[in-house]
Amino acid sequence: MAGTITIEDRGHVRLIGLNRPEKRNAFTFDMLAELARAYTDLADDPNIRCGVLHAHGPMFTAGLDLADVAPRIMAGDSITAGARIDPWGMYAERCPKPIVAAIHGKCLTLGIELALAADVVVADETASFAQIEVSRGIFPFGGATIRMAQAGGYQNAMRWLLTGDEFGADDARQLGLVQEIVAPGQALDHAVALAERISAQAPLGVAATLKSARLSQIDPEAAKAALYNDVRALMNSEDAQAAVVAFMNRQTAVFTGR
């Protein structure tokens with residue numbers, strides 16, 4: 001895919017790259033829609049088990065290109081342009097497959113919210129973050145007001161959301177936004193390695209894990225009630241049977257997603 005979003009497949013892993021480095025990867029409205037289409041294609045491709053979100057150029061993203069985006073939002077245009085999957089999981093379905101985000105350089109506003117919508121985040125030591133919407137007369141509308149508090153606690157989130165102050169990778173890890181910090185230039189390679197590790201697991205088990213964990217953030221009792229029946233259903237899968245045989249034979253199971 002040419003344009004502001006790049007696509008690269010490595011086995012069962014798909015790399016999705018933000019590709020507007022000359023404008024600091026700032027999102028135009030069309031770029032938002034292009035990313036939504038890329039996430040939808042990832043979700044629909046049966047060969048892809050995990051996605052890696054990364055960025056080309058010296059920084060992850062400067063956030064929104066407000067001169068382009070603001071008039072479209074004021075007009076009420078759809079952020080996802082009708083795509084089934086919303087990369088932020090706020091305006092349409094959240095991606096049902098795991099996403100690992102690789103962050104380097106500055107990561108502002110919607111970039112933070114993309115990371116919060118991912119399932120694992122790797123940042124290198126150059127990464128810095130700022131949710132600066134309050135200094136632009138608006139507020140975060142890609143999920144930060146919801147997910148940052150879930151990840152790091154209400155008051156910890158408000159420290160950054162209400163001030164727009166910049167914070168580094170260590171603060172991001174304490175906030176629960178970042179899980180691993182690596183040396184400069186190593187975020188993408190480390191994220192791909194994690195994605196390959198995830199892709200080696202049973203796809204149905206990974207999907208069920210995501211479903212249960214995400215439901216628990218919305219409705220813990222519903223997540224609890226679904227556990228037993230969901231695991232019973234998985235025990236009848238070909239992958240679960242193959243895992244038992246591999247365990248008994250001291251082998252590594254190869255999963256097919258059935």
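How many nonpolar, polar and charged residues are in the lining of the second largest cavity? The lining has 6 nonpolar, 1 polar and no charged residues. For that count, Ala, Val, Leu, Ile, Met, Phe, Trp, Tyr, Cys and Pro are nonpolar, Asp, Glu, Lys and Arg are charged, and the others, Gly among them, are polar.

Before going on, a word on what you're looking at. This is a predicted model, where local features need pLDDT of at least 70 and side-chain atom pairs count only at pLDDT 80 or more, while totals for chains, interfaces and linings use all residues. Residues are numbered from 1 along each chain as its sequence is written, and side-chain values use heavy atoms, with hydrogens and water left out.

Back to the cavities. On a 1 Å grid over the protein atoms alone, a cavity is a set of points where a 1.4 Å probe fits but cannot get out, and its lining residues have an atom within 4 Å of a point. Points are joined across faces, edges and corners, and the volume is the space filled by probe spheres set on them. The structure has 2 cavities of 30 Å³ or more by this rule.

The largest cavity has a volume of about 40 Å³. Look for Tyr39, Asp86, Pro87, Arg94, Cys95, Ile99, Ala117, Asp119 and Arg214 in its lining. Here the classes come out as 5 nonpolar, no polar and 4 charged residues.

Now for the salt bridges, each one a side-chain nitrogen of Lys or Arg within 4 Å of a carboxyl oxygen of Asp or Glu. The whole structure has 13 of them. In one, arginine 20 meets aspartate 65 at 3.2 Å, N to O. This pair ties together distant parts of the chain, 45 residues apart: arginine 20 sits in the loop between strand S2 (13–18) and helix H1 (29–44), and aspartate 65 in the loop between strand S3 (50–55) and helix H2 (66–74). Helices (H or I, at least four residues) and strands (E, at least two) are DSSP runs, numbered from the N terminus. Arginine 20 counts as buried because its relative accessible area is 12%; buried means under 20%, exposed over 50%, and partly exposed in between (1.4 Å probe, protein chains only).

The loop between S2 and H1 also holds threonine 28, which is buried at 14% relative accessible area. Its C-alpha atom is separated by 7.8 Å from that of leucine 66, 38 residues apart along the chain.

Arginine 14 and aspartate 9 meet at 2.7 Å, N to O; arginine 14 is buried at 8% relative accessible area, whereas aspartate 9 is partly exposed at 41%. Aspartate 165 pairs with arginine 159, their closest N and O atoms 3.0 Å apart. Aspartate 165 is partly exposed at 32%, and arginine 159 is partly exposed at 38%. Shared partners join Asp9, Arg14 and Asp45 into one salt-bridge network.

Finally, turn to the surface, where Tyr228, Val231 and Met235 form a nonpolar patch with about 340 Å² of accessible area together. Patches are made of residues with over 30% relative accessible area and no salt bridge, joined within 9 Å for like charges and within 5 Å for nonpolar side chains (Val, Leu, Ile, Met, Phe, Trp, Tyr). The areas come from the Shrake-Rupley method with a 1.4 Å probe, and for residues only the protein chains shown count as cover. Valine 231 belongs to helix H9 (residues 220–235) and is partly exposed, with a relative accessible area of 37%.

Definitions and conventions
1 Å grid on protein atoms, 1.4 Å probe; cavity = no way out; pocket = protein on both sides within 12 Å on 5 of 7 lines; lining within 4 Å.
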